[in-house]
Amino acid sequence: MAGRLNGKVAVVTGSSRGIGKAIALEFAREGAKVCVNYIASEDRAREVLNEIRAYGSEAIMVRADISKPDDARRLIEAAVNIFGTIDVLVNNAAIMYYGSIMDLKDEEFDRMIDVNVKGTIYCCREAVKYMVMKRYGKIINIASTAAIGTASHGTTLYALTKAAIIALTKRLAFELGEYGINVNAIAPSFVPTDMFVQGKSEEELREILEKRKATISLRRIASPEDIARVAVFLASDESSYITGQVIVVDGGRIDYLTHSL
Ligand SMILES: NC(=O)c1ccc[n+]([C@@H]2O[C@H](COP(=O)([O-])OP(=O)(O)OC[C@H]3O[C@@H](n4cnc5c(N)ncnc54)[C@H](OP(=O)(O)O)[C@@H]3O)[C@@H](O)[C@H]2O)c1
């Protein structure tokens, strides 16, 4: 069956669950060979691997902490060694610690910078070595509407890490364009994955979801697949003349309309 990513080799960081998992599965459905990455959830990564293989696509799984340069190198090398190349890198893995600037611990802030910012840079650096040689590549960074401006308590320093990802996307697009490498970002708004659900009761969650729906033009909450389908577009050659862009995937947040609330 002809897929939009037939034969492409993709590394998706943090693809054991959440948005990364949906991207890995959607890529495989479109014919890509996928390198699934995780740091702790080995069983969940294996489930993703098996699901991909059930579609008839090829996949490997690699435990790597992207915040460690040696691990990032090992991750990209694993894909290249097994599949012979790398065409697409999705920098999805990230963490979020809630807390205001007054109470977030130094270790939490450092860890967010290490994973969300440095980890993304390390993976780009390794993938680009191969992409530059073949003068082809797609880098997709998962940013967040937090980086653009949300009035959401306790996420200021997380937002800062995502703003760095947007700057990185634009500058890498500029730096790597001459080598035929497209670099774009997706900015999801709110997707009910473990990252968001953490620490909330079912009751709290239901209330938040209802309130959120009312701030979205489409009046529904995003699924991980809503984000994954945009990643497929950016990974495919349908988007070959798009680079340096941030695609906001938020269902049309009405609170971005000035003075709407
Ligand atoms: N959910 C939202 O509302 C939302 C909104 C905007 C943007 N985003 C962004 O979307 C992306 C995915 O978020 P999500 O909600 O799907 O998160 P999630 O459910 O918490 O999943 C995070 C993934 O990242 C992996 N990971 C964490 N630290 C890692 C490390 N150091 N090295 C390698 N992998 C690591 C985790 O692996 P393990 O399973 O092994 O721990 C897991 O696969 C993130 O970039 C996030 O900032 C999310």
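What follows is a walk through the helix contacts, the core and some individual positions.

First, the conventions. This is a predicted model, in which local features need pLDDT of at least 70, side-chain atom pairs count only at pLDDT 80 or more, and totals for chains, interfaces and linings use all residues. Residues are numbered from 1 along each chain as its sequence is written. Helices (H or I, at least four residues) and strands (E, at least two) are DSSP runs, numbered from the N terminus.

Helix H1 covers residues 18–29 and helix H9 covers residues 224–235; they pack at about 50°, and their axes are 8 Å apart. Axes here are lines fitted to C-alpha atoms, for helices over the stretch in contact, with angles from 0 to 180 degrees between N-to-C directions. The pair H1 and H9 is therefore oblique. On that scale, under 35 degrees is roughly parallel, over 145 roughly antiparallel, 65 to 115 roughly perpendicular, and the rest oblique. H1 and H9 cross in a right-handed sense. Right-handed means the near helix is turned clockwise from the far one by less than a right angle, and left-handed means anticlockwise.

Contact means C-beta atoms, placed from the backbone, within 7 Å. The residues between H1 and H9 divide into 10 nonpolar, 1 polar and 4 charged. For those classes, Ala, Val, Leu, Ile, Met, Phe, Trp, Tyr, Cys and Pro are nonpolar, Asp, Glu, Lys and Arg are charged, and the others, Gly among them, are polar.

H1 also packs on helix H2, residues 42–54, at about 15° with axes 9 Å apart. That angle makes H1 and H2 roughly parallel. Lys21, Ala24, Leu25 and Ala28 of H1 meet Val48, Glu51 and Ile52 of H2. This contact of H1 with H2 has 5 nonpolar, no polar and 2 charged residues.

Now the core. The largest nonpolar core has 73 residues, and Ala10, Phe27, Val34, Val36, Ala127 and Ala231 touch the most other members. A nonpolar core is a set of buried Ala, Val, Leu, Ile, Met, Phe, Trp, Tyr and Cys residues joined through C-beta atoms within 7 Å. Buried means 20 or more other C-beta atoms within 10 Å of a residue's own, exposed means 12 or fewer, and partly exposed is in between, again with C-beta atoms placed from the backbone. Helix H4, residues 106–134, gives the largest share of this core, 9 residues. Leaving out residues up to four places away in sequence, Ala127 touches Val11, Ile76, Ile86, Leu89, Gly137 and Ile139.

Is isoleucine 142 buried or exposed? It is buried, with 25 C-beta neighbours inside 10 Å. Isoleucine 142 sits in strand E5, and Ile19, Asn91 and Ile186 are among the residues it touches.

Last, two arginines. Most residues other than glycine have a negative phi. Arginine 135, however, has a positive phi near 55°; this residue lies in the loop between H4 and strand E5 and is exposed, with 10 C-beta neighbours inside 10 Å. Arginine 219 also has a positive phi, of about 55°. Its place is the loop between helix H8 and H9, and arginine 219 is exposed, with 11 other C-beta atoms within 10 Å.

Terms used: Two residues are in contact if their C-beta atoms, placed from the backbone, lie within 7 Å.
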